[in-house]
2 protein chains.
Amino acid sequence: MTNEELLGTTALNSWKLVIGRFDQNLAAISDEQLQKQVAPGKNRLFYLVGHLTAVHDRMLPMLGLGERLHPELDEVFITNPDRAVPDLVSASDLRKAWSEVNRKLTDAFERFTATEWLEKHTAVSDEDFAKDRTRNRLAVVMSRTNHVSFHSGQAVLAK
Amino acid sequence: MTNEELLGTTALNSWKLVIGRFDQNLAAISDEQLQKQVAPGKNRLFYLVGHLTAVHDRMLPMLGLGERLHPELDEVFITNPDRAVPDLVSASDLRKAWSEVNRKLTDAFERFTATEWLEKHTAVSDEDFAKDRTRNRLAVVMSRTNHVSFHSGQAVLAK
């Protein structure tokens, strides 16, 4: 493996590790427990899962991997804070969406060459990307990996 | 910049972004506020800062960057849970240690070539590393970056 391949694989492992841990924790939680808040007055686990699913779904067009699978989640889980609108999706559909979106992303990431990792994402202009080539797909995926970790730290408090 | 240099720089940016955000939040918190728990019965902010400082300090020998600066933090912030032993370090010394350790790490990371990012860390054997070359310095730094994000997610709940 060349250096650039190895760097890409190492970065991808970080994504897979963080998602895998979240999946494990989620599998150990019942649908009823998903209604628990991470701390008094804070987000429910249900909201965190929906929020992360919606944010990850947005990565599909952002990284040029196709259309969104679940744009309907934005209204409930991004635009609005927790409990502002009724839950429109069941726990089981939410679990399914979370897995489906991550599977599609991970499958694509596993096929990325180093050059593909370094392509620009669609939320940056050609002009800005020319000035700063670190605004690439890898930067987006690492940012989202940290975002999952951020909310994972909150989720474990509900245990 | 070559692909491998750009991949290394992109990964390093993720570390710097996460540490930078934590620094900003920490600067906005008084020493008194550091005594707040992130949720009832959970860790104090003070403990989280100490824990992260100790874990980062351990990266120095782990990544072959020299001796530890603050091995005395382990007893209070890694071996023991929060409030099990009295605080032996002042808030101002803790803030100083946090900055000092991260500065030393970041300075070293900024000089890493792609090949140096991909060197093995000292916690993996030669034999295991030969089988799995993703057990390298970059993997450690990305894991620690996610670890900071994990506790950052908890820290913001104390706001």
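Guide: Let's start with a handy rule: the expected span of a helix is 1.5 Å times one less than its number of residues. Helices here are DSSP runs (H or I, at least four residues), numbered from the N terminus. The model is predicted, so local features need pLDDT of at least 70 and side-chain atom pairs pLDDT 80 or more, while totals for chains, interfaces and linings use all residues. Residues are numbered from 1 along each chain, chains are lettered from A and ligands numbered from 1 in the order written, and side-chain values use heavy atoms, leaving out hydrogens and water.

Visitor: How far apart are the end C-alpha atoms of helix α2 of chain B?

Guide: This helix covers residues 45-62, which makes 18 residues. At 1.5 Å a residue it should span 26 Å, and the model agrees: the ends are 26 Å apart.

Visitor: How many residues of α2(B) are buried?

Guide: Buried means under 20% relative accessible area, exposed over 50% and partly exposed in between, using a 1.4 Å probe and protein chains only. By that rule α2(B) is mostly covered, and of its 18 residues the number buried is 16.

Visitor: Which residue just after α2(B) takes a positive phi?

Guide: Look just past the end of that helix in chain B. There, a phi of about 70° belongs to B:Gly64.

Visitor: Why is the pair of A:Phe109 and A:Trp117 called tilted?

Guide: Rings of Phe, Tyr and Trp (its six-membered ring) pair if their centres lie within 6.5 Å; planes under 30 degrees apart are stacked, over 60 edge-to-face, and the rest tilted. A search of the whole structure turns up 14 such pairs over all chains. For A:Phe109 and A:Trp117 the centres are 5.5 Å apart and the planes meet at 40°, so the pair is tilted.

Visitor: What is the angle between the ring planes of B:Phe22 and B:Trp98?

Guide: B:Phe22 lies in helix α1 (residues 3-27) and B:Trp98 in helix α4 (residues 91-111) of chain B, so the pair ties together parts 76 residues apart in sequence. Both are buried. Their centres are 4.9 Å apart, and this tilted pair has its planes at 50°.

Visitor: How many salt bridges does the rule find across the interface of chain A and chain B?

Guide: In contact (heavy atoms within 4.5 Å) are 35 residues of chain A with 35 of chain B. A salt bridge needs a side-chain nitrogen of Lys or Arg within 4 Å of a carboxyl oxygen of Asp or Glu. Across this interface, the count is zero.

Note on methods
Helices (H or I, at least four residues) and strands (E, at least two) are DSSP runs, numbered from the N terminus.
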